[in-house]
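Okay, thanks for coming, everyone. I'd like to walk you through one model today, starting with side-chain pairs and ending with backbone angles.

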Amino acid sequence: MDVNREMHENQRRTEEGLSANLPAAFHPIDPARLRAGDYFASLTEDALACGLLTEGDLFCLQAQLPELLRRMAVQYVGEGSASLPVEVAGEMLRSLQMVLGAALKGFSSPEDAAAALKARPLGELYDEGLGRVRQKLRTVRVLQRRILTRLFQTTNVFWRSTIEGGVNGFFRLYRPEFAAHELPITADYPPLLGRPALQGVEFMERYLEEIDGENAFLRAFPHRAVHRLLLSLSREYASAPVNLFEPVCLSAMGLTLCGRSPLTLDLTSGEVERLAQGFENRAMIRPALEKALTRLAEQLELPGRALRYAAQCLPRLEESIRAALSLGKPERAFLLPAAENAAEPELLYGEAMDNRAYEQLLERLLQADSAEQQAALIVENVHSLADLLDLLTDLDAEDETLAALVKRLPESALAGLRAHYADGLLAEREADRRLFRALEMPKGNG
C-alpha cells in the first residue's frame with residue numbers, strides 16, 4: 001500500500017507542478033490518436049509533433065533506455081552475466097515500453113504524461129508502471145474467479161476452456177518483469193467486440209471484462225433455449241470458436257420488438273420477415289435496437305455489466321443486421337431455432353447442483369460399496385454435464401464405475417455425450433478422456 005500511495009503522490013506532484021504551466025483549455029494531444037497497445041511510443045510521437053517534447057527531450061529519453069535494459073538483463077541472467085541475445089534484448093525493450101505505457105496511462109491527461117516524461121527519470125516511471133502491471137494482474141485474478149463462480153453453462157468447448165484453462169495458463173506463464181507485453185496463450189473464445197488491441201495483462205483485463213459482460217447477459221436466459229438457438233447457427237457449435245452472445249442478443253431483441261418474451265429465443269420466420277420490413281429504412285435499425293435493449297434491461301433485470309456491454313455492442317449488432325438484410329437473408333441476423341433440434345438430453349443441459357449438494361453427493365460416492373452403487377447415485381442425482389465431469393475428476397472414478405454408468409444412462413444421454421465429445425477432440429481432462437473411452441465401448445461390455 002505504501003508503494004501505491006507513493007506512486008499516486010508522485011503523479012499528483014508532477015501534474016500539479018507541470019500542467020499548471022499550460023493554458024486551461026490547452027489539450028493539443030487527441031487521446032483518440034494514441035495507440036493503447038503502444039502507448040509510450042505513440043505518446044512521445046504526438047508530444048513531439050505538438051511541441052510538448054523537443055528533439056533534445058527525446059534524445060534524453062532514449063539515452064536512459066540502455067541503463068534500464070541493463071538493469072532488466074541483470075535481473076534476468078544474474079549480476080556479472082548481463083549479456084543477452086539480440087532477440088531477447090529486443091523483447092525486453094518491448095516489455096519496458098509496455099510498462100512505461102502503463103505508468104503514463106495513470107496520468108489524468110496525455111499532456112500530464114508528456115510533462116512527466118520531461119521531469120522525471122524513466123527508471124522511476126518504469127517502477128511505477130511495473131507496480132500498475134502487478135496490480136492489474138491481481139485484478140484479473142479476481143475477475144476470473146468471479147466469472148467462474150457464476151459461469152454460463154454451455155457445451156461449447158472454447159468457452160470454459162479459455163476462461164478457466166487458458167487464463168490459468170496466462171497466470172502461470174506471464175512474466176511482467178521481463179515480458180510484460182507478451183500474451184502467452186491464444187485466447188481462443190471470440191468476444192463480439194473482438195480481441196483488444198492491447199498487450200500483456202492489459203489485454204487480459206479488457207478481454208475478461210468483455211467475457212464478463214457476455215456471461216452476465218447469457219445467464220439471463222435458459223440454457224436449453226440458448227442451446228437450441230446456437231444449434232441453428234451450427235450443428236457443430238460445441239466444437240467451434242463461435243461467439244455465443246451475438247445470436248442470443250439479436251434473437252432476444254427481435255422477440256422484444258415483436259412484443260413476445262425474449263426468454264424463449266424462438267422467433268418465427270414470419271416475425272423475422274416483419275422485422276426485416278420494419279428495417280427497410282436502415283436509419284431505423286439503431287433506434288430500434290436501443291429501444292429493445294432498454295426493454296430487455298427492464299424485463300430481465302440485466303446486471304449493469306451486461307447492459308453496458310450490450311450497449312457497447314450496438315454498432316456491431318447493427319452491422320450484422322445491415323449485412324444480413326443486404327444479402328436478402330434476414331434470418332442470418334435473427335436466427336431461427338431448427339425444430340429438429342428441440343430435444344436435448346437432460347444430462348447435458350440440466351441445472352447444476354449448488355456447492356453443498358455437490359459436496360454431499362461426492363461424500364456419498366466416496367463411501368459407496370461398489371461401482372454399480374456409484375453409477376446409480378450419479379444417474380439419480382446428476383443433471384448437468386459440468387457436475388458429471390467434476391464428480392468423475394474428484395472421485396477419480398475407476399473404469400468399472402464408468403462402464404456401469406454408461407450401462408445405466410439412457411440412449412438419448414449417451415448420444416448427446418458422444419456428439420459433445422466430437423470423436424474425442426473435446427476431451428481435455430483425464431476424466432473426460434476416460435469417460436469418452438467408456439462411451440466408445442459396446443454397452444454390453446464392462
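By salt bridge I mean a side-chain nitrogen of Lys or Arg within 4 Å of a carboxyl oxygen of Asp or Glu. Both residues sit in helix H4, and because they are 3 residues apart there, about one helical turn separates them. Helices here are DSSP runs of H or I, at least four residues, and strands are runs of E, at least two, numbered from the N terminus.

Quick housekeeping. This is a predicted model, so local features need pLDDT of at least 70 and side-chain atom pairs count only at pLDDT 80 or more, while totals for chains, interfaces and linings use all residues. Residues are numbered from 1 along each chain as its sequence is written, and side-chain values use heavy atoms, with hydrogens and water left out.

Back to that pair: buried or exposed? Glutamate 91 is partly exposed at 29% relative accessible area, and arginine 94 is partly exposed too, at 41%. The cut-offs are under 20% for buried, over 50% for exposed and partly exposed in between, with a 1.4 Å probe and protein chains only.

How many salt bridges does that rule give? The count comes to 20. Let me pick out a few.

Aspartate 57 bridges to lysine 118, with the closest N and O atoms 2.7 Å apart. This one ties together distant parts of the chain: aspartate 57 is in helix H3, lysine 118 is in helix H5 (residues 110-119), and they are 61 residues apart. Lysine 118 is partly exposed, at 46%.

Next, aspartate 212 and arginine 305 form a salt bridge, 3.2 Å between the closest N and O atoms. Again distant parts of the chain are linked, 93 residues apart: aspartate 212 in helix H9 (residues 200-218) and arginine 305 in helix H14 (residues 304-312). Here aspartate 212 counts as buried, at 6% relative accessibility, whereas arginine 305 is partly exposed at 33%. There's also a network: Arg35, Asp38 and Glu45 are linked by salt bridges.

Now, helix packing. Which way do H3 and H4 cross? The axes of H3 (residues 55-77) and H4 (residues 86-104) come within 10 Å and cross at roughly 115°.

Who makes the contact, meaning heavy atoms within 4.5 Å? On the H3 side, Leu65, Leu68, Leu69, Met72, Ala73 and Tyr76; on the H4 side, Val88, Ala89, Met92, Leu93, Ser95 and Leu96.

Last stop, backbone angles. Leucine 265 has a positive phi of about 50° although it isn't a glycine. You'll find leucine 265 in the loop between helix H11 (245-257) and helix H12 (269-278), and at 0% relative accessibility it counts as buried. Glutamate 301 also isn't a glycine, and has a positive phi of about 50°. That residue lies in the loop between helix H13 (285-300) and H14, but glutamate 301 is exposed, at 68%.

Notes: Axes fitted to C-alpha atoms, helices over the stretch in contact; angles between N-to-C directions. Contact = heavy atoms within 4.5 Å.
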